[in-house]
Amino acid sequence: MADVSCVVCKSEISVESDVISGEIVECSSCGQEHEVHAVNNSISVALAPEIEETWGE
Ligand SMILES: [Zn+2]
């Protein structure tokens, strides 16, 4: 496991150490979704892009 900080509320978010880039993790405190970036065993997160509910069109 690895801990990263929520971009919005700074709460700790635990992510699997084998998480892959592009995976979405949700902050358990504020619900903000983050996109994981895993580079050279260093895991960071950024705000996930807003996803409209138009997938599959
Ligand atoms: Zn948060």
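Valine 39 has serine 42, in strand S5, as its bridge partner. The model is predicted, with local features requiring pLDDT of at least 70 and side-chain atom pairs pLDDT 80 or more, while totals for chains, interfaces and linings use all residues. Residues are numbered from 1 along each chain as its sequence is written, and side-chain values use heavy atoms, without hydrogens and water.

Strand S4 (residues 33–39) pairs with S5 in the antiparallel sense over six bridges; strands are DSSP runs (E, at least two residues) numbered from the N terminus, and two of them pair if DSSP finds at least two bridges between them. An open antiparallel sheet is formed by three strands in the order S3-S4-S5. Strands S3 (24–26) and S5 (42–47) each have a single partner strand, so one side of each is left without a neighbour in the sheet.

The zinc ion has as protein donors the SG atoms of Cys6, Cys9, Cys27 and Cys30, lying 2.3 Å from it; donors are N, O and S atoms within 2.8 Å of the metal (3.2 Å for Na, K and Ca), and sites may look incomplete because water is not among the atoms. The angles subtended by the four donor atoms are 106 to 118°, which makes the arrangement tetrahedral (all angles between 85 and 135 degrees for four donors). Along the chain, the donors follow the spacing C-x2-C-x17-C-x2-C.

Cysteine 27 counts as buried at 1% relative accessibility, whereas cysteine 30 counts as partly exposed at 37%; buried means under 20% relative accessible area, exposed over 50% and partly exposed in between (1.4 Å probe, protein chains only).

Technical notes. Helices (H or I, at least four residues) and strands (E, at least two) are DSSP runs, numbered from the N terminus. Four donors count as tetrahedral if all angles lie between 85 and 135 degrees; four count as square planar and six as octahedral if opposite donors are over 155 degrees apart and all others between 65 and 115; anything else is irregular.
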